[in-house]
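Please keep the sequence and the structure at hand while reading.

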Amino acid sequence: EIVVAVDELPPGFYLLYTSISTGETSRKFNDLMFIKGDENFPFNIIDGREYNIDMEGHILSIGSQIDPSARDPQTVINEINCSGGLAIICHPDSPSFLFSHELLLKLTDYLGIEIANHADCKDGDFCETWDVLLTAGKRCFGFAADDTHNLEGVGNFYIQAYSKNNSPASIVEAINNGCFYSSTGLDLLSYQRDGISIELETPGEVTAALISDHGKVVSEATG
């Protein structure tokens with residue numbers, strides 16, 4: 001049913017579908033990232049897995065799999081990176097699986113954190129944690145995922161990657177380089193920046209805000 005739902009989405013839509021792995025068991029489905037492409041790449045799948053880290057929280061690996069034995073978060077991140085994958089902290093502010101701000105600031109070499117998750121936070125408001133990390137000087141991307149536990153979540157929160165093509169290797173490379181944006185429904189028609197200004201093209205009128213340390217809005221434009 002998930003595959004059928006993804007097939008109905010427009011080209012260029014990337015859905016992250018995850019399951020949990022522990023030291024003893026794995027749920028029925030392996031983790032998959034579905035890439036809905038054009039007629040030349042109708043469907044691609046990227047390997048991945050979401051790891052339950054000693055009940056401290058979940059860490060997602062995109063593009064690789066490692067030994068799912070439970071261990072400390074930093075070891076998992078290191079092994080994901082060594083295996084060629086991308087390490088992402090999942091739903092850090094979820095009450096059941098909480099990564100504290102202190103722990104996230106201490107950990108190193110993860111690519112980013114979820115800032116919007118349809119299953120755990122339908123309002124998409126994990127941005128406070130992201131702001132704490134960015135304000136402290138940590139380079140950390142923000143990811144959106146519908147975390148599809150059921151069909152209701154398909155297509156709600158997602159990322160769009162600017163890649164050379166829709167092959168799995170190209171998508172992983174684009175994500176690793178930060179060539180993507182996260183969305184809870186708004187699609188950008190184009191995005192340009194020159195080091196001084198940022199220009200966006202959207203299907204309709206939107207308000208864009210430039211946010212600095214401690215969540216301070218330093219510039220805002222509507223158009």
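## The largest pocket

The lining of the largest pocket consists of 44 residues, and those nearest its centre are W130, Y191, I198, L200 and A209. A pocket here is an open set of points on a 1 Å grid over the protein atoms alone, where a 1.4 Å probe fits, with protein on both sides within 12 Å along at least five of seven lines; a lining residue has an atom within 4 Å of a point. The space in this pocket comes to about 2,200 Å³. That volume is the space filled by probe spheres set on the points, with grid points joined across faces, edges and corners.

At least two lining residues come from each of β7 (112–117), α4 (127–135), β8 (141–145), β10 (180–183), β11 (190–193), β12 (198–201), β13 (207–211) and β14 (217–222). By residue type, the lining holds 22 nonpolar, 17 polar and five charged residues. In this division Ala, Val, Leu, Ile, Met, Phe, Trp, Tyr, Cys and Pro are nonpolar, Asp, Glu, Lys and Arg are charged, and the others, Gly among them, are polar.

## Model and confidence

The structure is a predicted model, in which local features need pLDDT of at least 70 and side-chain atom pairs count only at pLDDT 80 or more, while totals for chains, interfaces and linings use all residues. Residues are numbered from 1 along each chain as its sequence is written, and side-chain values use heavy atoms, with hydrogens and water left out.

The mean pLDDT (the predictor's confidence in each residue, from 0 to 100) is 75, and 68% of the residues reach 70 or more. Residues 13–38 have a pLDDT below 50, although this stretch has 104 contacts in the model beyond near neighbours in sequence. A contact means heavy atoms within 4.5 Å. Where pLDDT is low, the predicted coordinates should not be read in detail.

## Overall make-up

The protein has five helices and 14 strands. Of the 223 residues, 44% count as buried. Buried means under 20% relative accessible area, exposed means over 50%, and partly exposed lies in between (1.4 Å probe, protein chains only). Among contacts with a separation of 6 or more, 50% join residues 24 or more positions apart.

## Strand β5

Strand β5 covers residues 57–62, and six of its six residues are buried. G57, I59 and S61 point one way from the strand, and H58, L60 and I62 point the other way.

β5 pairs with β6 (residues 86–90) in the antiparallel sense, over five bridges; strands pair if DSSP finds at least two bridges between them. Within this pair, L60 stands opposite I88 in β6.

## Helix α5 and the loop after it

The buried residues of α5 (168–176) are S170, I171, V172, A174 and I175. Just after the helix, G178 takes a positive phi of about 80°.

N177 and C179 both belong to the loop between α5 and β10. N177 is partly exposed at 47% relative accessibility, and its C-alpha is 9.5 Å from that of L111, 66 residues away in sequence. C179 is also partly exposed, at 34%. Leaving aside residues up to four places away in sequence, C179 touches Q160, A161, Y162 and A174.

Which phi does D109 have, positive or negative? D109 has a positive phi of about 70° although it is not a glycine. D109 sits in the loop between α3 (101–106) and β7, and it counts as exposed because its relative accessibility is 54%.

H214, likewise not a glycine, has a positive phi of about 60°. This residue is in the loop between β13 and β14 and is exposed, with a relative accessible area of 66%.

L210 is found in strand β13 and is partly exposed, at 48%. Beyond residues up to four places away in sequence, L210 touches K216, V217, V218 and S219. The C-alpha atoms of L210 and A221 are separated by 8.9 Å, and the two residues are 11 apart along the chain.

Technical notes:
Helices (H or I, at least four residues) and strands (E, at least two) are DSSP runs, numbered from the N terminus.
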